[in-house]
Amino acid sequence: MEIEQKALFIIFGGTGDLAKRKLYPSLFQLYKKGILKDNFAIIGTARRPWSDEHLQEVVKEAIEGDEAAVSLGAEFASHFYYQSHNVNDTEHYVTLRKLAEKLDEKYQIEGNRLFYLAMSPRFFGTIAQHLKSQKIVTTKGYNRVIVEKPFGRDFESAKDLNDSISKYFPEEDFFRIDHYLGKEMIQNIMALRFSNNLFRAVWNNRYIDNIQITLSEALGVEERAGYYETAGALRDMVQNHILQIISLLTMNMPASYSESDIRREKIYALKSLKKYSAVKVAENFVRAQYSAGDGQIGYLQENEIANDSTTETFVAGKLFVNNENFSGVPIYIRTGKRLTKKTTRIDISFKEMETSFFDSKKLGRNILTINVEPEGKVFLQTNIKKIGQGFDLVPSLMELQLNNENVVVPEAYEKLLLDALLGDATNFAHWEEVAYAWKFVDSIRKAWDDGNGNLAEYPCGSMGPRESEELLERDGHQWVFDGE
Ligand code: NAD
């Protein structure tokens, strides 16, 4: 599958943090593997007046940590070109087109173009419009546009944003990044569910008692305070990453491993999310802000944060996907900043076994844990016999061997860039998925904005407010992951 690709990338926001930290190193990985070899070029554009040489130095710095950069770095960087560009200035697109045409010819790229919009979404519409009107899109090869999050701040703004791009790029050429979908362990959800009879048989409301999803961060708002104030944890993490994970966990088995069949089932799962009345939102969702603790300042003391801000830095909730297999199974979610550590994990807790063979009170539940980060691992908690006399039971963790080929696990961005080169949008968010996710999130947001549900507090370095524990305790559960 990994054959050499011919492509011209135009990265809008080429001087930005994302380009340096993620895009340039990932493109280098594709270069190392020979997927990008001779017939490719990358134009970085942004407002700053950089030269080609300066961008090439920045690219070399971005890949410095990689041993292969010593021998391959200079040659790789020589494929980078810089164009100072104000996205609102039509003249700049004319220059950009000329450069694109020149590079297309020089590297024999045959008109394949990927436009990566790594900058504020408020510019997406104008960029898409200019790409078309100034004929930077080609007629010879493909033209694909890749956009970063955030994709809107509610359904209406997401729809406007979507319309402003889809006027010029059809859905099959429109790649909305949710980098969680590029993570190896998130992609493993489908492998676990649909390639193992053992799991397939029990992946439903007859056997699963509850699902818990935790996306915790140790950091605070850092440099993103301005954006975060307008977003909050619900929009920043739940609308995209968490709801995408829920769709993969609860969707019905697609008819085939194809983009359209998988999308259909994901959309159906998101459409089946149970909506709450405003009063029920207050009962089933917890929102909170971090306060000083563990040597860290509270959210309200952070730079650029209003001292009466009500933006939530933590959210926990109980959701239901009312489809055939999952109705009745509570899905507990939580995400937040300044929690004990950075973790992404899914704990699937199976029902207690009813048996007269053992004293059921002594039986631990089976729990399947998909540890996405920091380490990609899957564990299954089982009951085994305690060694020695008698027949006592002890819980034991079975670890699934995931990397038995001992290969280096590629970064999410590397895989997503390759998918985009191959024209495979399976691991990107389809518009209908985004739309249903926003509608769900908007209903919670609205209930909060109308005064339902208090804003709680939690000290930095904890796993959130007490209310998050109570959410599960009310149902006789507790969080499997205690934050350690
Ligand atoms: P950044 O602020 O570091 O970079 C923004 C880029 O846009 C810069 O290159 C800047 O020069 C350029 N720019 C701004 N206004 C311009 C204009 N009028 N004309 C031309 N260029 C202009 O931002 P970033 O962190 O790289 O993020 C880029 C996008 O990716 C944002 O939408 C962000 O939400 C998203 N994103 C970033 C990360 C990350 O880890 N940095 C993660 C997820 C999503």
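Mentor: Start with how packing angles are read. Axes are lines fitted to C-alpha atoms, for helices over the stretch in contact, and angles run from 0 to 180 degrees between N-to-C directions. Keep in mind that this is a predicted model.

Trainee: How are H7 and H10 oriented to each other: roughly parallel or roughly antiparallel?

Mentor: Helix H7 (residues 184-195) and helix H10 (residues 233-250) pack at about 10°, and their axes are 9 Å apart. Angles under 35 degrees count as roughly parallel. The two helices, H7 and H10, are therefore roughly parallel.

Trainee: Which residues of H10 make the contact with H7?

Mentor: By class, the contact has 6 nonpolar, 1 polar and 1 charged residues. H7 brings Ile-186, Ile-189, Met-190 and Arg-193. From H10 come Ile-245, Leu-248, Leu-249 and Thr-250.

Trainee: Why do the buried residues of H2 line one face of the helix?

Mentor: Helix H2 (residues 52-62) buries Leu-55, Gln-56, Val-58 and Val-59. Seen down the axis of H2, these buried residues line one face because they fall within an arc of 160°.

Trainee: Which exposed residues sit on the face of H2 turned away from its buried side?

Mentor: First look at what covers the buried residues of H2: helix H1 (17-32), strand E2 (36-46), helix H3 (69-77) and strand E3 (80-84) are included. Now turn to the face away from that buried side. The exposed residues there are Glu-53 and Glu-61.

Trainee: Which strands stand at the edges of the open sheet?

Mentor: The sheet has 6 strands with parallel pairing, in the order E3-E2-E1-E4-E5-E6. Its twist averages 20° from one strand to the next. An edge strand has a single partner, so one side of it is left without a neighbour in the sheet; that describes E3 and E6 (174-176).

Trainee: Which residue of E15 is the bridge partner of Tyr-290?

Mentor: Strand E8 (residues 285-291) pairs with E15 in the parallel sense over 5 bridges. The partner of Tyr-290 is Tyr-458.

How values were computed
Residues numbered from 1 in each chain as written. Predicted model: local features only at pLDDT ≥ 70, side-chain atom pairs only at ≥ 80, totals over all residues. Heavy atoms only, no water. Buried < 20%, exposed > 50% of the residue type's maximum accessible area, 1.4 Å probe, protein only. Helix = DSSP H or I, 4+ residues; strand = E, 2+ residues; numbered from the N terminus. Arc of directions from axis to C-beta. Contact = heavy atoms within 4.5 Å. Parallel < 35°, antiparallel > 145°, perpendicular 65-115°, else oblique. Nonpolar A, V, L, I, M, F, W, Y, C, P; charged D, E, K, R; others polar. Pairing = 2+ DSSP bridges.
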